[in-house]
Amino acid sequence: LGLKKLINQMAAIHKGKSDEEVATLMVKELSARNYIPDGARDEYGLAFVREFRKATGQVVEGSHHQGLDIKVLGMGCAQCDSLEQMIMGLLTELDLPASLDHVTDIKEIAQYGVMGTPGLIINGKVVAVGKVPPRNQIKAWLMEAGQAHAAK
């Protein structure tokens with residue numbers, strides 16, 4: 001939670017800083033609202049730096065993503081936030097690597113052809129529109145997508 005906001009706040013001030021400085025600051029700030037296991041802080045730092053560099057238009061080496069691509073579409077209502085939290089919990093429970101993006105811009109949401117929120121997209125496929133699906137259904141979709149991804 002708060003990744004995009006932090007990136008926007010840091011963009012002008014920290015663009016020229018080293019990856020280590022950016023990672024340290026981002027992990028510190030984001031761990032206040034997100035659980036980051038002590039043993040994974042370095043990995044999270046690297047992921048945060050990649051996202052920061054991409055968002056600020058910098059070249060990112062090794063940025064090929066190795067997991068599921070999940071998007072929650074919604075302008076920040078309680079249902080959208082609940083869906084995002086549920087997905088984070090399920091990804092942790094299932095130990096699935098993924099990028100999870102909460103798209104809040106109405107123009108960007110419309111590009112997906114989704115007319116109701118929350119919306120859920122897994123690997124480019126719209127799987128839910130206008131409601132938060134049951135936890136078991138989301139879990140099944142994630143497991144199916146994870147198996148398909150592993151088979152590639």
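User: Which residues lie nearest the centre of the second largest pocket?

Analyst: Start with the general idea. Rolling a probe the size of a water molecule over the atoms shows where empty space is left. On a 1 Å grid over the protein atoms alone, a pocket is an open set of points where a 1.4 Å probe fits, with protein on both sides within 12 Å along at least five of seven lines. A lining residue has an atom within 4 Å of a point. Here, 11 residues line the second largest pocket, and I122, N123, W141, E144 and A145 lie nearest its centre. This is a predicted model: local features need pLDDT of at least 70, side-chain atom pairs count only at pLDDT 80 or more, and totals for chains, interfaces and linings use all residues. Residues are numbered from 1 along each chain as its sequence is written, and side-chain values use heavy atoms, without hydrogens or water.

User: Which elements give two or more residues to that lining?

Analyst: Elements are DSSP runs numbered from the N terminus: helices (H or I, at least four residues) and strands (E, at least two). Strand 4 (125–129) and helix 6 (135–151) each give two or more residues to the second largest pocket. Helix 6 supplies the largest share, 5 residues.

User: Which residues of helix 1 are buried?

Analyst: Judge by relative accessible area: buried is under 20%, exposed over 50%, partly exposed in between (1.4 Å probe, protein chains only). In helix 1, L6, I7, M10 and H14 are buried. They sit on the same side of helix 1, because they cover an arc of only 100° around its axis, taken from the directions from the axis to the C-beta atoms. These buried residues pack against helix 2 (19–30) and helix 3, where contact means heavy atoms within 4.5 Å. Exposed K5, N8 and A12 are on the face turned away from the buried side.

User: How many disulfides does the structure hold?

Analyst: A disulfide is a covalent bond between the sulfur atoms of two cysteines. The cut-off is a pair of cysteine sulfur atoms within 2.5 Å. The count here is 0. For C77, the nearest cysteine sulfur is that of C80, 3.1 Å away.
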